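Colleague: I have a model open and would like to learn how to read it feature by feature. Could you walk me through it?

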Amino acid sequence: MRRVILIGFMGSGKTTLGKELATRMNIPFFDSDEEIERAHLKTVGEIFGTYGESRFREMETGFIDAMHEEDEFILSTGGGMPCFDKNMEDLNKLGTTFYLERSPKELAHRLRHAKTQRPLISGLSDEDLVTFIEDKLSEREEYYKRANFVLTREEQKVTEIERLINLLENPDQKS
Ligand code: S3P
């Protein structure tokens with residue numbers, strides 16, 4: 001059963017890497033935000049605006065439960081998902097988790113032009129964005145770091161994740 005779960009802050013590249021990995025491993029790809037949007041026929045921004053963030057967080061928890069139905073997948077999670085309720089524990093039960101670690105500076109650079117569709121940062125100036133990322137990341141890191149693997153920027157590659165998965169599946173093999 002190959003269930004690979006990518007976690008990390010907004011803008012850390014979970015979706016891009018996840019899609020590449022799914023193609024390479026030939027297994028289905030899921031993006032939690034997209035699945036929630038599809039199920040509720042609203043964008044994440046509309047869900048925040050209409051029902052509030054706490055309702056969105058409940059939807060995320062429900063989504064984790066539903067993923068137990070699937071045997072094999074690559075899952076890209078919303079940046080806040082691991083940090084609410086007992087989601088991180090549940091994600092670790094669901095599959096193998098990989099934290100894509102990135103510095104606040106790098107995240108700010110990547111998010112500067114990708115704010116609009118993300119309700120938590122859509123109204124922030126570039127200056128406030130940096131402060132927001134630093135504060136939120138320091139709150140969230142304790143959850144993210146409970147992942148099975150913490151990948152540095154250099155390790156965030158399809159080949160490295162594949163190597164780690166193969167190692168888990170064949171623990172006697174030399175890497
Ligand atoms: C959020 C991250 C977003 C999305 C929502 C909230 C967060 O997902 O779930 O806007 O709390 O960090 P991405 O990490 O895919 O941007």
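Modeller: Gladly! Keep in mind that this is a predicted model.

Colleague: Then let's step back. How many helices and strands does the protein have, and in what order do the elements run?

Modeller: There are 8 helices and 5 strands. Starting at the N terminus, the elements follow the pattern β-α-β-α-α-α-β-α-β-α-α-β-α. The radius of gyration is 16 Å, close to the 16 Å that the globule rule gives for 175 residues, so the protein is as compact as a globular protein of that length. For the outline, the C-alpha trace spans about 50 × 35 × 25 Å along its principal axes.

Colleague: Now the sheet. What is the order of its strands, and is the pairing parallel or antiparallel?

Modeller: The general idea is that strands of a sheet pair through backbone hydrogen bonds, either parallel or antiparallel. Here, the 5 strands form an open sheet in the order β2-β3-β1-β4-β5, and the pairing is parallel. Because β2 (29-31) and β5 (149-151) each have a single partner strand, they stand at the edges, and one side of each is left without a neighbour in the sheet. From one strand to the next, the twist averages 20 degrees.

Colleague: How many bridges join β4 to β5, and which residue is the bridge partner of Leu100?

Modeller: Strand β4, residues 96-100, is joined to β5 by 3 bridges, and the two run parallel. Leu100 has Leu151 in β5 as its bridge partner.

Colleague: What does Phe9 touch, leaving out residues up to four places away in sequence?

Modeller: Its partners include Leu107, Leu111, Phe132, Ile133 and Leu137, and also among them are Lys14, Lys136 and Arg140. For the protein as a whole, 71% of the contacts with a separation of 6 or more are between residues 24 or more positions apart.

Colleague: And how much of the protein counts as buried?

Modeller: Of its 175 residues, 45% count as buried. The accessible surface comes to about 9,300 Å², and carbon and sulfur atoms make up 46% of that.

Colleague: Last one: backbone angles. Where is Asn26 found, and is Asn26 buried or exposed?

Modeller: As a rule, most residues other than glycine have a negative phi. Asn26 is not a glycine, yet has a positive phi of about 60 degrees. You will find Asn26 in the loop between α1 (14-25) and β2. With a relative accessible area of 69%, Asn26 is exposed.

Colleague: What about Asp85: which loop holds that residue?

Modeller: Asp85 sits in the loop between β3 and α5. Asp85, also not a glycine, has a positive phi of about 50 degrees. Its relative accessibility is 59%, so Asp85 counts as exposed.

Conventions: Residues numbered from 1 in each chain as written. Predicted model: local features only at pLDDT ≥ 70, side-chain atom pairs only at ≥ 80, totals over all residues. Heavy atoms only, no water. Pairing = 2+ DSSP bridges. Helix = DSSP H or I, 4+ residues; strand = E, 2+ residues; numbered from the N terminus. Axes fitted to C-alpha atoms, helices over the stretch in contact; angles between N-to-C directions. Contact = heavy atoms within 4.5 Å. Rg over C-alpha atoms; globule rule 2.2 N^0.38 Å. Buried < 20%, exposed > 50% of the residue type's maximum accessible area, 1.4 Å probe, protein only. Areas by Shrake-Rupley, 256 points an atom, 1.4 Å probe, with all protein chains shown as cover.
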